[in-house]
Amino acid sequence: MFLINTYLDKSKIQGVGVFSKENVKRGDKIKEVRPEFELRFDRTNMPKMPLSLANFIETHSYEDKKNEYVMGIDNEKYLNHSTDPSVNDEGIALKDIKTGDEITVDYRDFDASVEEWLI
């Protein structure tokens, strides 16, 4: 979940992205894992769901190593992938982020399925 104020807007990378509403200094912690604010979906239940829900979960979640999809309940689910990300998986800003900058993360740091579609 984000520890800073963010908003959604059209991304130059892919569809919708997360943008910062405040200036952030490199090294600041801007997000953290808070399991109480995440939704978890067992992958084996996906075929039982309406296709539209399964597609939404698959698109807006990451796959962890427990065979589950994990979805944050804030704007974090709209983070786009970058090989030059502005935040790492631990939530630390890797560079200064200005108000209006898109916040990105390298999916390879946490998503077990990323190599399948990143090619």
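Student: Let's start with Leu-39: how exposed is Leu-39, in terms of relative accessible area?
Tutor: In this predicted model, Leu-39 is partly exposed, because its relative accessible area is 39%, and a residue has to be under 20% to count as buried or over 50% to count as exposed.

Student: And where does Leu-39 lie?
Tutor: Leu-39 belongs to strand 3, which covers residues 38-42.

Student: What about the inside, which residues of the largest nonpolar core touch the most other members?
Tutor: That core has 13 residues, and the ones touching the most other members are Phe-2, Ile-30 and Ile-103. There is also a second, separate core of 7 residues, with Phe-41, Met-49, Ala-54 and Met-71 among them. As a general background, nonpolar side chains in soluble globular proteins tend to be buried together.

Student: Staying with Phe-2, what is Phe-2 in contact with, leaving aside neighbours within four places in sequence?
Tutor: With those neighbours set aside, the contacts of Phe-2 include Val-18, Ile-30, Leu-79 and Ile-103, and also Lys-31, Asp-74, Asn-75 and Glu-76.

Student: Where does Arg-34 sit, and what is its relative accessible area?
Tutor: Arg-34 is in the loop between strand 2 and strand 3, and it counts as partly exposed because its relative accessible area is 27%.

Student: Which residue forms a salt bridge with Arg-34?
Tutor: The partner is Glu-32, and the closest N and O atoms of the pair are 3.3 Å apart. Glu-32 is itself partly exposed, at a relative accessible area of 25%.

Student: How many salt bridges does a search of the whole structure find?
Tutor: The search finds 9 salt bridges. One of the pairs is Arg-40 with Asp-64, whose side chains meet at 2.7 Å, N to O. This pair links distant parts of the chain, since Arg-40 is in strand 3 while Asp-64 is in the loop between strand 4 (62-63) and strand 5 (68-72), 24 residues apart.

Student: Are those two buried or exposed, or something in between?
Tutor: They fall into separate classes: Arg-40 is partly exposed at 40%, whereas Asp-64 counts as buried because its relative accessibility is 11%. Both residues also belong to a network of salt bridges that links Glu-38, Arg-40, Asp-64 and Glu-68.

Student: Which residue meets Arg-43 in a salt bridge?
Tutor: That is Glu-63, with the side chains meeting at 2.8 Å, N to O. Glu-63 lies in strand 4 and Arg-43 in the loop between strand 3 and helix 1 (51-60), so the pair ties together parts that are 20 residues apart in sequence. Glu-63 counts as buried at 11% relative accessibility, while Arg-43 is partly exposed at 32%.

Student: Switching topic: is Ser-20 buried or exposed?
Tutor: Ser-20 counts as buried, because its relative accessibility is 0%. Ser-20 has its place in strand 2 (residues 16-20), and a polar atom of its side chain lies 2.4 Å from the backbone oxygen of Glu-22.

Student: What is Ser-20 in contact with beyond four places in sequence?
Tutor: Its contacts there include Ile-4, Asn-5 and Tyr-7, and also Ile-97, Lys-98, Thr-99 and Ile-103.

Student: Then what about Lys-98, where is it found?
Tutor: Lys-98 is found in the loop between strand 6 (80-81) and strand 7 (102-105). Lys-98 is exposed, at a relative accessible area of 57%, and apart from its neighbours within four places in sequence it is in contact with Ser-20, Glu-22 and Asn-23. The C-alpha atoms of Lys-98 and Lys-25 are separated by 8.5 Å, although the two are 73 residues apart along the chain.

Student: Last one: what is the relative accessibility of Thr-104?
Tutor: The value for Thr-104 is 6%, so it counts as buried. Thr-104 is found in strand 7, and its contacts, leaving aside neighbours within four places in sequence, include Ile-13, Leu-79, Asn-80 and Val-87. Its C-alpha is separated by 9.0 Å from that of Phe-19, which is 85 residues apart from Thr-104 along the chain.

How values were computed:
Residues are numbered from 1 along each chain as its sequence is written. This is a predicted model: local features need pLDDT of at least 70, side-chain atom pairs count only at pLDDT 80 or more; totals for chains, interfaces and linings use all residues. Side-chain values use heavy atoms; hydrogens and water are left out. Helices (H or I, at least four residues) and strands (E, at least two) are DSSP runs, numbered from the N terminus. Buried means under 20% relative accessible area, exposed over 50%, partly exposed in between (1.4 Å probe, protein chains only). Contact means heavy atoms within 4.5 Å. A nonpolar core is a set of buried Ala, Val, Leu, Ile, Met, Phe, Trp, Tyr and Cys residues joined through side-chain atoms within 4.5 Å. A polar contact is a pair of N or O atoms within 3.5 Å; within protein, one must be able to donate a hydrogen and the other to accept it, and residues adjacent in sequence count only if both atoms are side-chain atoms. A salt bridge is a side-chain nitrogen of Lys or Arg within 4 Å of a carboxyl oxygen of Asp or Glu.
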